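This report describes one protein chain, going from its overall make-up to single residues. Please keep the structure in view while reading.

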Amino acid sequence: MKKLASLLVIAGILFSCSEDDSDEIIITPPPPAGEANVVINEVAYLSGEVELINAGDAAMDVSNYFLCLGPGTYVQVGNIVSSGDANLAPGAFLVLDYAMPNATGGLGLYRNNSDFTDPSTLADFVQWGNAGSARENVAVAAGIWTDGEFVPVVGSDSNSIVFDGNGNAASDWTETTTVTIKN
């Protein structure tokens, strides 16, 4: 009987303790913060429209970003947003009216206007036509463009160049015969 009582006490102890019972405090970390990735998605170079997309997984306010065609030719995104809202959710598009040079040019998207020659401030870049643009060297130094590359275009008002979503080369852009900018 004494043995049976001892076995019952031991069994009670074993079954009353579980993996949940612990003095250890378990802290569940918050999910990792997402990252925004705002890039130029399409350029209607003759009709003067630029489409940005947030290809990341966190929202981003781009009102303090700048579009820059070259020295002295830049504008703050917040000053040309037609909808009044420059906050881009993941996967969202933002269309901007911005007059660009004819069939040859380049466009930089800068995080701020502290220094347009500083590669760390350049978020994205594209150039089209048949010659390099004024900010090509900054994009090359930033590692987001290849020296001497440009997207070939035919120069029709109804055409635009569209990013395929991959890479940093002119070959990642194609000219379309119809502007597909999401209005």
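## Overall make-up

The protein chain has 2 helices and 11 strands. Helices (H or I, at least four residues) and strands (E, at least two) are DSSP runs, numbered from the N terminus. Along the sequence, the elements of the protein chain follow the pattern α-β-β-β-β-β-β-β-β-β-α-β-β.

The model is predicted: local features need pLDDT of at least 70, side-chain atom pairs count only at pLDDT 80 or more, and totals for chains, interfaces and linings use all residues. Residues are numbered from 1 along each chain as its sequence is written, and side-chain values use heavy atoms, with hydrogens and water left out.

## Burial and contacts

The protein chain holds 183 residues, and 40% of them count as buried. Buried means under 20% relative accessible area, exposed means over 50%, and partly exposed lies in between (1.4 Å probe, protein chains only). A contact means heavy atoms within 4.5 Å. Among contacts between residues at least 6 apart in sequence, 52% join residues at least 24 apart.

## The largest nonpolar core

A nonpolar core is a set of buried Ala, Val, Leu, Ile, Met, Phe, Trp, Tyr and Cys residues joined through side-chain atoms within 4.5 Å. The largest one has 41 residues, and Leu67, Leu107, Val126 and Trp128 touch the most other members. At least two residues of this core come from each of β1 (38-44), β2 (49-54), β4 (66-70), β7 (93-97), β8 (105-110), β9 (122-128), α2 (136-142) and β10 (160-163). The most comes from β9, with 5 residues. In soluble globular proteins, nonpolar side chains tend to be buried together.

## Aromatic pairs

The whole structure contains 7 aromatic pairs. Rings of Phe, Tyr and Trp (its six-membered ring) pair if their centres lie within 6.5 Å; planes under 30 degrees apart count as stacked, over 60 as edge-to-face and the rest as tilted. Phe66, Tyr74, Tyr110 and Phe116 are linked into a cluster by ring pairs.

## Four residues in strands

Val95 is in strand β7 and counts as buried at 15% relative accessibility. The C-alpha atoms of Val95 and Asn41 are 54 residues apart along the chain and separated by 9.8 Å.

Strand β3 (residues 60-61) contains Met60, which is partly exposed because its relative accessible area is 26%. Leaving out residues up to four places away in sequence, Met60 touches Ala36, Val38, Asn54, Tyr65, Ala86, Asn87 and Leu88. The C-alpha atoms of Met60 and Glu35 are separated by 8.6 Å, and these residues are 25 apart along the chain. Thr176 belongs to strand β11 (residues 173-176) and is buried, with a relative accessible area of 18%. With residues up to four places away in sequence not counted, Thr176 touches Glu42, Ser158, Asn159, Ser160 and Val162.
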